[in-house]
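Welcome to a short tour of a protein chain. Keep the sequence and the 3D view side by side as you read.

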Amino acid sequence: MRRIGICCLIVLLLFCGCAAPSRGAEESAVNVGASGGVWLSFSEINTMLKSKDGVKAEFEKVVQNCASLQIEHLYIHVRAFCDSLFESEYFPLIEAMNGIDFDVFAYMIERCHASGMKVHAWINPYRVSTSTEDITVLRQDSPAVRWRTDDDPDNDQNVITYGGGVYLNPAEYEVQELVMNGIREILEKYPVDGIHFDDYFYPTTDEAFDSKSYQAYQKSGENPLPLAEWRRSNVNALISGSYTAVKFYNKELLFTVSPMASIEKNYDNLYADVAGWVESGCVDAIIPQLYFGYEYPDKAYCFDRLLKEWETLAAKNRNVALMIGLAPYKIGTESEPDRAEWGVSDDILARQVETCYTDGAVTGYSFFSYTSLFSQEALNTRQRENVKKAIRANT
C-alpha cells in the first residue's frame, strides 16, 4: 500500500520528542560570544572546481580569507539540486566534479579542521531544478528521474513539476526517506560538524502543487488536517526526522536551519514552522536570513526590527542558539529598494556584526556568501575592513 500522508502520522512522535530542553525556557542562555560563519554556495564551488589553478589552490584562498575574519563555521553546499559534491549511493555527482580524481569534500573538511574551522554539510532537501519542468533533460541517474521512469505509477508523485521547476514532494514518505538516507550517508562517510538546511521548503502556496497527494491523504482517515497545516506537518516531519538522524549518529553534531527573515512568511508561504522548531528544540541553531539594512522602506523589514522578533522567539528556548545571516551579496547593489543604503554605505555589515557581539541573545552570525564577502571591489573591501575592526574590538 502507498504510504500517503505518513508524515502526518509520525510528525507528533518525532516533532514533540526532538529534544527535551535541559533548562527551563525562562532561564538565560550562556553567552558564548559571537562566532562567525560563511556560506560557500554550489556556484562558488563549481567555479573553484573549474579553476585553472586547481580546486586545492582555490580552497586554500578560502581558508586563508576566512582566517582573516576569524570565521569558525563554513557551510559547504554539498547538495543543491538533488545532486552531490561527493560520490553518493543516492544522488548523482555534480558535473563539475568530472575529471577530479580525489574526494574534494574530504579534502575541504580536512583542511578546515586543520585550521580550526568547523564544517557543516549544506543541503537543499527538495529542489531538483529551477530552470526546467522537463524531466527528460535531467541527469538520468537522478532519483527524481528514476522515480518518474521506473514504470511504477505510485512513485510518480514523489516528484512534482511546477512553475518552471522540478521538486521532490514534501508529502511523500519515500522523499523523506531519501533525504534522511542522504544525511546518514554524509555522517557515515565524513567527519562533519553538522548538517545544515537553508530556506527552500515548499516553493509555492498554490493548492494545485501537491493536490493529488493531499486528496489521497484526505481519503486516508477521519478529520484530515487543512491543507496549510498538512503541509507544515510534512516539513516538520523532515526537520524532526533529520534532527533525530543527526543526534542518533552523534549527539554532539549540530543540525541547523537558515530560514527566510519573516517568521510569518516562513509559516504561511513556505510552510516552515520555525517557531515550533525552536520551541520544541528540533534544531540546534536557527540562522534567519536578515538580509536587510537599517533604512529599508518597509520598516517591518529593517534589520533591528527583524532582530527583535527573532530574539523574542529565541527566548522561548535558550537551548536553541540564535545566529544571524548577513548579506554581503547586497554590497554595491543597483537594485531597488536596497540601492540607497547598500549601494553607498561601507559600515552596514560592521554595525550588524557589532550587534551580534554585544547582544546577549545572539550567539553568532554567518555571511552570504563567500565571494561577495571577499570581493576586491572597492566598496566590498571597505565593508570588509570595517567588519575586521568590529571583530577585533570585540574579541
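This is a predicted model: local features need pLDDT of at least 70, side-chain atom pairs count only at pLDDT 80 or more; totals for chains, interfaces and linings use all residues.

**The chain as a whole**

Counting through the chain gives 15 helices and 11 strands. How does the radius of gyration of the chain fit with a compact globule? A compact globule of 395 residues would have a value near 21 Å, and the chain has 21 Å, so the two agree. Along the principal axes, the C-alpha atoms fill a box of roughly 60 × 55 × 45 Å.

Of the 395 residues, 56% are buried. The chain exposes about 16,900 Å², and carbon and sulfur atoms supply 49% of that area. If you take the contacts between residues at least 6 apart in sequence, 76% of them join residues at least 24 apart.

**A cavity inside**

The count comes to one cavity of 30 Å³ or more. The largest cavity holds about 50 Å³ of space. Its lining is made up of Arg79, Cys82, Phe91, Ile123, Asn124, Pro125, Leu168, Leu178 and Val179.

**Residues to find in the view**

Start with glutamate 58, which sits in helix H3, residues 55-68. Is glutamate 58 buried or exposed? Its relative accessibility is 17%, and because buried means under 20%, glutamate 58 counts as buried. Setting aside residues up to four places away in sequence, glutamate 58 touches Met48, Ser51 and Asp53.

Alanine 321 belongs to strand E10, residues 321-326. With a relative accessible area of 22%, alanine 321 is partly exposed. Leaving out neighbours within four places in sequence, alanine 321 is in contact with Asp284, Ala285, Ile286 and Thr363. From alanine 321 to glutamate 87 there are 234 residues in sequence and 32 Å in space, C-alpha to C-alpha.

Lysine 389 lies in helix H15, residues 378-394. Its relative accessible area of 54% makes lysine 389 exposed. Lysine 389 and aspartate 199 are 190 residues apart in sequence, with 30 Å between their C-alpha atoms.

**Backbone details**

| Peptide bond | Omega |
|---|---|
| glutamate 336 to proline 337 | near 5 degrees |
| phenylalanine 368 to serine 369 | about -10 degrees |

As for serine 369, look for it in the loop between strand E11 (364-367) and helix H14 (370-373).

At 71% relative accessibility, asparagine 223 counts as exposed.

Tyrosine 271, also a residue other than glycine, has a positive phi near 60 degrees. You can find tyrosine 271 in the loop between helix H9 (263-270) and helix H10 (274-280). Here the relative accessibility is 5%, so tyrosine 271 counts as buried.

How values were computed:
Residues are numbered from 1 along each chain as its sequence is written. Side-chain values use heavy atoms; hydrogens and water are left out. On a 1 Å grid over the protein atoms alone, a cavity is a set of points where a 1.4 Å probe fits but cannot get out, and a pocket is an open set with protein on both sides within 12 Å along at least five of seven lines; lining residues have an atom within 4 Å of a point. Grid points are joined across faces, edges and corners, and a volume is the space filled by probe spheres set on the points. Helices (H or I, at least four residues) and strands (E, at least two) are DSSP runs, numbered from the N terminus. The radius of gyration is taken over C-alpha atoms; the globule rule is 2.2 Å times the number of residues to the power 0.38. Buried means under 20% relative accessible area, exposed over 50%, partly exposed in between (1.4 Å probe, protein chains only). Contact means heavy atoms within 4.5 Å. Accessible areas come from the Shrake-Rupley method with a 1.4 Å probe; for residues, only the protein chains shown count as cover.
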